[in-house]
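Hello,

Here is the structure I promised to pass on to you. Have a look at it first, and then read on for my notes.

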Amino acid sequence: MTEIWDGLIKAIELIISLDPEVMEIAGRSLRISGTACLLASLICLPLGSLIHFHQFRGKRVLINIIQALFSLPSVIIGLFVFVLFSRAGPLGELGILFTPIAMIIGQMILITPILLGLTISALSGVAKEIVDTATSLGASDFQITLLVLREARYAVVAAVILGFGRAISEVGCALMVGGNLKGFTRVMTTAISLETSKGELELSLALGIILLLLALIVNIALYRLQQR
Amino acid sequence: MSLIELVGLSHRYGSREVLKGLNLSIGKGEVFAVIGPTGAGKTTLLRIIDLLEVPSAGEVYFDGKRVPGSRKQRLEIRRRMSFVHQKPQVFNLSVYDNVACGLRWRGEEKHRIAEKVDLILKMVGLEGYKNRNARTLSGGEAQRVALARSLVLEPEVLLLDEPTANLDPVSSAKIEQVISYVARQHNTTMIMSTHDMSQGRQLADRIGVLIDGRLVQTGNADDIFYSPKNEEVANFVGVENVLEGVIITNSDGIVTVKIGPHRIGIQAVSNYPAGKEVYACIRPEDITLAPIFHRSSARNYFQGKVTRVTTLGPLSRVEIDCGFRLVALVTKISAEELNLQEGKEVCATFKATGVHIIERGVNQ
Amino acid sequence: MKKTSMKMGVVALAVVAVAAIVSLNVTARAPSLKVATTSSLYDTGLWEYLELMFEEKYGVELDILCVGTGIALEYGKRGDVDAVVIHDKAREEQFVAEGYGVGRVPFAYNYFLIVGPPDDPAGIKGLGPEEAFKKLMEEGAENPQQIKFVSRGDESGTHAREKAIWKAAGFNYTAVQESSWAKAEEMGYIEAGRGMGPTLLMASEMNAYTLTDIGTFLAYKGKLDLVPLVEEGQILLNVYSVIAVSPEKHPDTKIEMASSLIDFLTSSEIQELIREYGVKDYGMPLFTPCAGAEPEQ
């Protein structure tokens, strides 16, 4: 119990003193996971709409597969991205292993099923009559998609938030393809993992609390944004 | 020239046949009402006209041209129309944005949109609601938003599906007023579905009765109201007394029809010969009630006992057993004066011209 | 809702993404030397101590990947790092022999220790390492509740050394894993699958014995309720060496920078720093420098 208490105090200390290393790591976490989430959203929202609005063979199966991939462990994705970008791998030439780029790609892959699946289910939540009404008012297919996305905005933003949450909280992939390089690819979760292995439990807890706060702030910001 | 023409139109959802070989032609500027009971296929018909659905069989012509199959071309035609669906589906946006949607989708300029939206909101009486989220409106207000959203597009064809169903009287009146204003001022072609006879009668130039996927009768309001073509139409347009009988004599257009197990005779005007199996239809408001038997110019008078009285607003619906069941509609005041109640003896009178004779077995 | 504002929105988001990536310093960064190092070395804090000096002297970023010897060698074989710094002579020599490494350069050494609970329930204090292991096995089989041993179990250098000691003590390693000590319900012999630091913390929590390098042990000593019990024996010698990854297999690896690292680590200036490292904090040095030569016991 005292460790949790000490962790809390330490977290407050680190935040108040704006500990430069902690701030730097927190900022990096935010930028890497934020970028991953942003890019994944730019791909998944249109793609999810495409899947939702088109009827094709195997659509149900595809959605089932997407949903099953929600639970894909991040280390498996880490392993996959590692093998892909390792010098000995097919994309080794790019030399992006152990860089934030690789981490962004890994996290994008990690959250793509969530964003896709939840976008599809968000759109499914919009009444069919809305689509009919928009069609009757002369909306093109593209305009209908935009309108329905807008109708489903609460659920869509919830999907994005969940995707961001999964990206910023995962450790397996970040460690594996980022390498936890100090000042370059060290993010909140890999730092926590390192500090824990060093036995610095208070510092780990403090970082954990800061990570939680970070997620909270992003959540609030996104909800604010959606209410406009 | 007709603006919309439907030829041999049939539609099925799965194995259920909703429309069965329908032909209809609607002229430019015409206000056409489709009436019929729930489930008759009215909504499907409107959806096909709005090109939301492709009919299983038959052709749709718009402005003289067969409607093409490509989504782009269909969108172009659809943009000349506007459809107010039955349950008002407002978008989760402000009232202003709801109404502006269609114009934005057509790439209208911003200031033009603002002008038009303001004007139309005033017309439907929602000018103060501009910035309200449309989802927070009442049913009647939402329906007015839905109507404004369609009217603002100044469509050549306005499609209305049960525009006043389930609405309060004030909202209904407002909507009916706007519809008739637009029809007059803009010469907009309108096709509306309703199950409210009086609304169809009030707003439409021409009425089509759609029953079980078939357009059973089209004509002006009086044709349908007073001369229903068959039992179904009669039942639907509010002729409560549809009596099964056989013509026994015909002298110079005045027939006697024997009704019911007691073979009571009714006098009516008809050209059918003796022996014809028919329905005798009498509108309940065409029946007069008196406390005791007294002669009048009417040819039909029957003594009977009141079996039931129900109040319908200012009117009373009176069921009488006079050897056959007869339903009469009288004002509440006269019902009170006559002291109508169960068991009371009355005399029911109606003219021979008030009886409409329909041939039996022709409803197919 | 209009197309133009939609496009602008997408462009704005894309700009944000690019700005974020740029701010992550991916491209503008100085050339970097990637080194995979064993966790037992990283956990002592030596790398953090040396990193800045190297970066300043050579103007390159030094990226340290803290992993086990096994995965460090795998990174080297795949060309994902430019140098490895590890402590498993047999596998290092094999790595060089297979052509993945240019040459093995020892630069510091210390000793492994067998540490355990202060009351030493198995009574191994003062024994030789082989005898101590033998005794642990005997006592542990009888009393797995009391006598526990936490193994790294991660194919690291320390794990390899543990196996070597078991072999010298007359046990085949699989026999150890299959022994009644390991198979007992209470699990006397445990494979942690973690780095050196976590393994020590685990052993401390469980009142268990373990094999550790002295550097990590001293660095963690304050957090542990463990004492050194066996400190002497030829088999406990722990030599750290640096190997540059051969550019022949992976032309993209930075052999020149890797050579700079070797020069740096074996330079007299750094050798002196290594000798002094830890004296201030732990009261004794963690490493003995050996500047490129194999230490003699």
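Predicted model: local features only at pLDDT ≥ 70, side-chain atom pairs only at ≥ 80, totals over all residues.

**Chain A overall**

Chain A is built from eleven helices and zero strands. Its pattern along the sequence is therefore quick to write down: α-α-α-α-α-α-α-α-α-α-α. Along the principal axes, the C-alpha atoms of chain A occupy a box of roughly 65 × 45 × 30 Å. The chain has 228 residues, and 47% of them count as buried. If you take the contacts in chain A between residues at least 6 apart in sequence, 77% join residues at least 24 apart.

In general, a pair of packed helices is described by the angle between the axes and the distance between them.

Take helix H4 (residues 74-85) of chain A to begin with: its axis and that of H5(A) come within 10 Å and cross at roughly 135°. H4(A) and H5(A) are therefore oblique to each other, and their crossing is right-handed. From H4(A), the residues that meet H5(A) are Ser74(A), Ile77(A), Gly78(A), Val81(A) and Phe85(A). On the H5(A) side you will find Ala102(A), Ile105(A), Gly106(A), Ile109(A) and Leu110(A). By class, the contact of H4(A) with H5(A) has seven nonpolar residues, three polar and no charged.

Helix H3 (residues 59-68) of chain A also packs on H5(A), at an angle of about 130° and with the axes 8 Å apart. H3(A) and H5(A) are therefore oblique to each other, and the crossing of H3(A) and H5(A) is left-handed. Here Ile63(A), Ile66(A) and Gln67(A) of H3(A) make the contact with Pro113(A), Leu116(A), Gly117(A) and Ile120(A) of H5(A). The residues of the contact of H3(A) with H5(A) divide into five nonpolar, two polar and no charged.

**Where chain A touches chain C**

How many residues does each chain bring to the contact between chain A and chain C? Chain A contributes 26 residues and chain C contributes 28 residues. H2(A) gives the most, with eight residues. Sorted by class, this side of chain A has twelve nonpolar, nine polar and five charged residues.

**Chain B overall**

Chain B has ten helices and 20 strands. Its C-alpha atoms fill a box of roughly 75 × 45 × 35 Å along the principal axes. Of its 364 residues, 41% are buried. Among the contacts in chain B with a separation of 6 or more, 66% are between residues 24 or more positions apart.

**A sheet in chain B**

Strands of a sheet pair through backbone hydrogen bonds, either parallel or antiparallel. In chain B, five strands form an open sheet in the order E15-E19-E16-E17-E18, with antiparallel pairing. Strand E15 (288-290) and strand E18 (325-331) of chain B stand at the edges with a single partner strand each, so one side of each is left without a neighbour in the sheet. On average, neighbouring strands of this sheet are turned by 45° against each other, direction ignored.

If you zoom in on one pair, strand E17 (residues 315-321) of chain B and E18(B) are antiparallel and joined over seven bridges. One example to look up is Ser316(B), whose bridge partner in E18(B) is Val330(B).

**Two helices of chain B**

Helix H1 (residues 42-49) of chain B has seven of its eight residues buried, so it is largely enclosed by the rest of the structure. The buried residues of H1(B) are Lys42(B), Thr44(B), Leu45(B), Leu46(B), Arg47(B), Ile48(B) and Ile49(B). After H1(B) comes Leu51(B), which has a positive phi, near 65°.

Leu51(B) turns up again as a contact of Ile77(B), together with Phe62(B) and Val67(B), leaving aside neighbours within four places in sequence. Ile77(B) lies in helix H2 (residues 71-78) of chain B. With 19 C-beta neighbours inside 10 Å, Ile77(B) counts as partly exposed. The C-alpha atoms of Ile77(B) and Val346(B) are 60 Å apart, and 269 residues separate the two along the chain.

Definitions and conventions: Residues numbered from 1 in each chain as written. Chains lettered and ligands numbered in written order. Contact = placed C-beta atoms within 7 Å. Helix = DSSP H or I, 4+ residues; strand = E, 2+ residues; numbered from the N terminus. Nonpolar A, V, L, I, M, F, W, Y, C, P; charged D, E, K, R; others polar. Axes fitted to C-alpha atoms, helices over the stretch in contact; angles between N-to-C directions. Parallel < 35°, antiparallel > 145°, perpendicular 65-115°, else oblique. Left-handed = near helix turned anticlockwise from the far one by under 90°. Pairing = 2+ DSSP bridges. Buried ≥ 20, exposed ≤ 12 C-beta atoms within 10 Å, placed from the backbone.
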